[in-house]
Amino acid sequence: MAAGSDVPPFKVILLAETNSTNDDCLRLAENGAPDGTVVRALHQTAGRGREGRSWFSRPDASLTFSVLLRPAAQEYPFLTRFTLLGCLALARALENHFGVISNIKWPNDVLIAGKKVCGVLTETLWQGQIPTAVVIGMGVNLSNAALPPASEAVFPAGSLEGQAGLQLSPRDLLEMLLPEIWRAREELAADSLIDEINARLAFKGEWVRLRKNADAPLKARPLWVEKDGCLCAEADDGRIERFYSAEISA
Ligand code: BTN
């Protein structure tokens with residue numbers, strides 16, 4: 001375990017290889033690690049994605065890291081915003097540093113020109129009703145060497161280099177991203193956070209397929225994200241439905 005380059009108030013732990021930085025952060029959280037602990041791995045051997053999927057990555061071609069936060073009581077009502085917060089932080093970093101516009105594909109992806117360049121997996125530790133830790137894990141594809149075989153990608157994948165011509169090291173991107181995570185966290189309770197997510201929402205008003213759990217996919221048009229983080233979408237019979245967990249495919 002080595003100290004990574006710190007971005008105050010974050011403390012970065014850099015690992016050459018690990019199973020999953022989310023698992024590491026959850027374990028550190030159980031052992032009392034403080035708010036702002038970050039684990040970055042050069043290589044993950046068992047990276048995890050949403051819904052039990054695996055997350056494919058490659059050293060130097062991917063940024064894989066997790067941030068451990070200790071939610072304050074005033075943040076408890078907004079836990080459902082943390083995944084979108086991770087997406088927004090990356091979107092802001094790309095726009096502020098490089099003028100690159102990306103979109104947020106609810107609930108947990110960042111797209112550039114229609115391809116997924118980042119996925120976010122948020123996990124929470126509870127003690128009874130109290131959320132004692134939130135772990136935000138982010139995987140960013142820096143170059144096309146990071147992409148999973150097309151047959152394994154649930155949604156078409158791309159990279160920062162392939163989609164926007166950016167050549168970034170994992171460390172440089174993390175140093176741009178962490179301050180944006182901090183800034184967005186300070187806005188966690190603000191309506192403006194959701195407004196900005198809506199301004200960047202992918203597939204707004206477009207007909208897509210929305211799959212809830214194992215149900216057959218529905219044809220629907222994503223319209224907006226609510227303050228509680230759910231997606232409101234219009235079904236093909238005109239009804240507006242709220243989705244708390246679902247997967248969008250084009
Ligand atoms: C998804 O798109 O399904 C979410 C992918 C999240 C991947 C990141 S990589 C760093 C962290 N550690 C993990 O095991 N998963 C997340």
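**Notebook: domain contact and salt bridges**

I counted 8 residue pairs in polar contact between domain 1 and domain 2, both residues at pLDDT 80 or more; a polar contact is a pair of N or O atoms within 3.5 Å, where within protein one must be able to donate a hydrogen and the other to accept it, and residues adjacent in sequence count only if both atoms are side-chain atoms. On the side of domain 1 that touches domain 2, helix α5 (residues 191-199) gives the most, with 4 residues; helices (H or I, at least four residues) and strands (E, at least two) are DSSP runs, numbered from the N terminus.

I noted that this is a predicted model, in which local features need pLDDT of at least 70, side-chain atom pairs count only at pLDDT 80 or more, and totals for chains, interfaces and linings use all residues. Residues are numbered from 1 along each chain as its sequence is written, and side-chain values use heavy atoms, with hydrogens and water left out.

**Domains**

I looked up the division of the protein chain and found domain 1 (2-199) and domain 2 (208-249), with bounds from an automatic or database domain assignment. Their contact (heavy atoms within 4.5 Å) takes 15 residues from domain 1 and 15 residues from domain 2. The two domains bury about 1300 Å² between them, 49% of it on carbon and sulfur atoms; buried area here is the accessible area (1.4 Å probe) that two parts lose on being put together, summed over both.

**Salt bridges**

I then asked how many salt bridges the rule finds across the interface of domain 1 and domain 2. The rule, a side-chain nitrogen of Lys or Arg within 4 Å of a carboxyl oxygen of Asp or Glu, finds 4 across that interface. I also looked at E247 and R50, whose side chains meet in a salt bridge at 3.0 Å, N to O.

For R185 and D35 I found a salt bridge with the closest N and O atoms 3.0 Å apart. This pair links distant parts of the chain, with R185 in helix α4 (residues 170-186) and D35 in the loop between α1 (21-30) and β3 (37-44), 150 residues apart. R185 has a relative accessible area of 11% and is therefore buried, whereas D35, at 27%, is partly exposed; buried means under 20% relative accessible area, exposed over 50%, partly exposed in between (1.4 Å probe, protein chains only).

I checked K116 and D109 as well: they form a salt bridge, the closest N and O atoms being 2.9 Å apart, and both residues are buried.
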